[in-house]
Structures are given as structure tokens and as C-alpha cells.
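My entries follow in the order in which I checked things.

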Amino acid sequence: MIKVAFAGKGGVGKSTIASLFIKALEKDGMRVLAVDCDPVANLGRFLGIKDADKIIPIVEMKELINERTEASKDRAFYKLNPKVDDIPERFAKKIGNIKLIVMGTPSRGGSGCMCPEASFMKALLGKLLLQEDESVVLDMEAGVEHLGRGTASFVDHLFIVVEPNLNSIDAAKKIWKLAKDLKIKEISVIANKVRNNKDLDFVKENIAEIPITGSVSFEEKLLELDIDIEKTSVYKQVAEIEKEFLNT
């Protein structure tokens with residue numbers, strides 16, 4: 001069973017690539033736990049889960065979090081190791097051999113102390129990454145803020161999704177540095193929205209020492225809301241990346 005994460009600057013197509021990778025794993029006979037850590041939760045929609053937009057992220061379940069962390073009224077005191085064992089079974093949405101958990105991201109500015117939420121999310125993510133009977137795929141927020149030294153060590157590989165522009169590549173370099181600091185074992189880039197060889201050469205010339213795992217073509221159909229992603233031309237490209245990854 002594998003544990004991988006997808007990160008990248010907002011808008012690069014990270015959730016799309018993650019969902020295609022998950023679909024490819026399922027097609028190869030794996031049971032997959034998909035974890036949406038992005039504050040803009042699109043992973044469920046791309047996976048084809050019904051009413052995915054109505055799923056309440058776990059981070060927004062204030063009563064549950066306060067109860068499990070035993071947070072004081074002023075939220076200054078709370079448990080660092082809250083009970084989370086039952087959370088995956090209670091809140092996961094299933095489609096085929098894929099289970100989805102929408103975690104969300106603790107809000108920061110202007111919302112007061114979010115320490116209980118952060119503690120709960122950290123404990124839950126650690127629990128999810130210890131799953132032994134399922135492969136785990138994390139769709140991270142723009143960076144890798146969900147991961148700390150205690151959980152990053154369980155991630156086998158971090159894929160950083162980039163598109164052919166300097167803003168995306170600069171963000172990828174920052175993510176790569178943070179991931180290296182967290183001791184993530186393997187890190188590589190997937191070039192997305194590639195229109196031609198010039199685009200791919202641009203990524204290769206600017207991404208510095210980060211290895212490139214593969215590239216995915218720009219697909220106009222992915223802009224449609226209710227598209228079956230397995231019927232797009234890019235699915236085959238991501239499936240090839242998945243197979244090559246499994247064989248390494």
C-alpha cells in the first residue's frame with residue numbers, strides 16, 4: 001500500500017491530477033482512501049461522488065472537535081491526542097473502492113484561537129496515514145501545512161503539480177524546500193497543462209534540481225463541471241505516471 005500527497009500552487013490542477021491518480025489506483029485493484037485537505041474541496045466532485053459539494057469538512061465540526069479535544073471555554077487548553085479512531089468510518093463517503101474524507105483547513109486570520117482544530121486535524125491525519133489495508137492519497141492545500149514531522153515521515157512520495165509559468169514554479173520550489181525539511185522521502189514534479197514541447201522545456205529549464213516524474217497535456221474538457229474524468233485524454237497520461245510510480 002502506498003501513501004502519497006499532491007501539492008502545488010492554487011489553480012495548477014492539483015486536485016484534478018490527484019483524482020485521476022486515485023482512479024488509476026482503483027483500476028489497478030487497490031482500495032484507496034482519498035483525503036481532501038484543500039480549503040477549496042473539489043476532490044469529491046472530480047471522483048464522481050454524489051452531492052460532494054454538500055459534504056461538511058471535518059474541521060468545521062466544532063462540537064465534535066471541542067468534545068474530543070476537551071477544549072476549555074476559552075480554548076486555551078485542549079488535548080494534544082484526541083480520540084479519532086472512529087472518524088474515518090463515520091464520515092467517509094464511498095464510491096467503488098474509493099473512500100473520501102474531506103478534512104478542510106483550520107482558518108487562521110480573524111477567527112480566534114484555532115489550536116483545538118489544528119490538534120484534531122494533526123491527530124486525524126496521523127491516523128489516516130497509518131492505514132495498513134488501503135492506499136492513501138492526500139490532496140493538500142497550496143503548500144504542505146497539514147504535514148508536520150510526526151506525519152510527513154509516513155508519506156512515501158510528494159508530487160508537486162506545476163504549470164508552465166514562473167509563479168507556479170516558484171511556489172513549487174518553496175514547497176519542495178519545506179518538504180525536504182520535513183524529511184519526506186521522495187519528491188518530484190508533474191508538469192500539468194502542457195500545450196507543446198516549448199511548455200515542457202520551460203518547466204525543465206526552470207524547475208532546478210527537482211526531478212520531473214511526467215507531464216500532462218492541457219485538456220479543455222476539464223473546464224466543464226460535470227465531466228467524467230476517466231473519459232478525458234489526460235486520464236491515460238496520469239495512469240501511465242501511476243503505473244511507472246508503482247513499478248519503481
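I began with a term: a nonpolar core is a set of buried Ala, Val, Leu, Ile, Met, Phe, Trp, Tyr and Cys residues joined through side-chain atoms within 4.5 Å, where buried means under 20% relative accessible area with a 1.4 Å probe, protein chains only. I noted that this is a predicted model, in which local features need pLDDT of at least 70, side-chain atom pairs count only at pLDDT 80 or more, and totals for chains, interfaces and linings use all residues. Residues are numbered from 1 along each chain as its sequence is written, and side-chain values use heavy atoms, with hydrogens and water left out.

I looked up the largest nonpolar core and found 46 residues, of which Met103, Leu138, Leu147, Leu158, Ile160 and Ile184 touch the most other members. Helix H5 (residues 115-129) gives the largest share of this core, six residues; helices (H or I, at least four residues) and strands (E, at least two) are DSSP runs, numbered from the N terminus. I also found a second, separate core of 33 residues, which includes Ile22, Leu25, Leu47 and Ile190.

Next I turned to the sheet, which is open, has eight strands in the order E3-E4-E2-E5-E1-E6-E7-E8 and shows mixed pairing; two strands pair if DSSP finds at least two bridges between them. Strand E3 (93-95) and strand E8 (212-217) each have a single partner strand, so one side of each is left without a neighbour in the sheet. I saw that E3 and strand E4 (residues 98-102) run antiparallel and are joined by three bridges, with Lys93 opposite Leu100 in E4.

Notes: Buried means under 20% relative accessible area, exposed over 50%, partly exposed in between (1.4 Å probe, protein chains only).
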